[in-house]
Amino acid sequence: MKHIHCKVFGHDYEVTRHVTAHVKEYTCKNCKEQLTTNVNGTLTKLTPKFKEINDVLERIHRKKHRVRLKTTPANPELLVFSH
Ligand SMILES: [Zn+2]
């Protein structure tokens, strides 16, 4: 009956990993159950499959981020086309 606290009060999740700006992994402080944000932005159980997906996401995100930083020097022409 270790998880009785979670049953009564709900899980006490804390962010244990930032995958991307929108995807994070959470672990319950009490029962160690793990959740992750999926691509739809909803929480789902962190299965080994999702861990794999998050690994890939993290890699892509880091790569993208680096590229974005490199190409950031404000391009005023882009602003013309944004509504
Ligand atoms: Zn819990």
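User: Which residue in strand 3 is the bridge partner of Thr 27?

Analyst: Gln 34 is that partner. Thr 27 itself lies in strand 2. Keep in mind that this is a predicted model.

User: What makes strand 2 and strand 3 a pair?

Analyst: Two strands count as paired with at least two bridges between them. Strand 2 and strand 3 have 3 bridges, in the antiparallel sense. They therefore pass the cut-off. They also form a hairpin, with 5 residues between them.

User: Why is Thr 27 called buried?

Analyst: Buried means under 20% relative accessible area. Thr 27 has 10%, so the term applies.

User: What does Thr 27 touch, leaving aside its neighbours within four places in sequence?

Analyst: Its contacts are Asp 12, Tyr 13, Glu 14, Thr 16, Lys 32, Glu 33 and Gln 34.

User: What makes the link between the side chains of Thr 27 and Thr 16 a polar contact?

Analyst: The limit for a pair of N or O atoms is 3.5 Å. The two side chains are joined at 3.1 Å, so the distance falls within that limit.

User: Which protein atoms are the donors of the zinc ion?

Analyst: There are SG atoms from Cys 6, Cys 28 and Cys 31, plus ND1 of His 11. They lie 2.0 to 2.4 Å from the zinc ion. A donor must be within 2.8 Å of this metal, so these atoms qualify. Along the chain the spacing reads C-x4-H-x16-C-x2-C.

User: Which parts does the pair His 11 and Cys 31 tie together?

Analyst: His 11 sits in the loop between helix 1 (4–9) and strand 1 (13–18). Cys 31 sits in the loop between strand 2 (24–28) and strand 3 (34–37). The pair therefore ties together parts that are 20 residues apart in sequence.

User: Is each of these two buried or exposed, or partly exposed?

Analyst: Cys 31 has a relative accessible area of 17%, under the 20% limit, so Cys 31 is buried.

User: Why is Lys 32 called exposed?

Analyst: Exposed means over 50% relative accessible area. Lys 32 has 55%, so the label holds. Lys 32 lies in the loop between strand 2 and strand 3. Its phi is positive, about 65 degrees, although Lys 32 is not a glycine.

User: What makes strand 3 and strand 4 a pair?

Analyst: At least two bridges are needed. Strand 3 and strand 4 (residues 43–45) have 3, so they pair, again in the antiparallel sense. Thr 36 is bridged to Thr 44, and Thr 37 to Leu 43. In the turn of this hairpin, Gly 41 has a positive phi of about 85 degrees.

User: What is the order of the strands in the sheet, and which are the edge strands?

Analyst: The 4 strands form an open sheet in the order 1-2-3-4, with antiparallel pairing. Strand 1 and strand 4 are the edge strands, because each pairs on one side only. Neighbouring strands are turned by 35 degrees against each other on average, direction ignored.

Conventions:
Residues are numbered from 1 along each chain as its sequence is written. This is a predicted model: local features need pLDDT of at least 70, side-chain atom pairs count only at pLDDT 80 or more; totals for chains, interfaces and linings use all residues. Side-chain values use heavy atoms; hydrogens and water are left out. Donors are N, O and S atoms within 2.8 Å of the metal (3.2 Å for Na, K and Ca); water is not among the atoms, so sites may look incomplete. Helices (H or I, at least four residues) and strands (E, at least two) are DSSP runs, numbered from the N terminus. Buried means under 20% relative accessible area, exposed over 50%, partly exposed in between (1.4 Å probe, protein chains only). A polar contact is a pair of N or O atoms within 3.5 Å; within protein, one must be able to donate a hydrogen and the other to accept it, and residues adjacent in sequence count only if both atoms are side-chain atoms. Contact means heavy atoms within 4.5 Å. Axes are lines fitted to C-alpha atoms, for helices over the stretch in contact, and angles run from 0 to 180 degrees between N-to-C directions.
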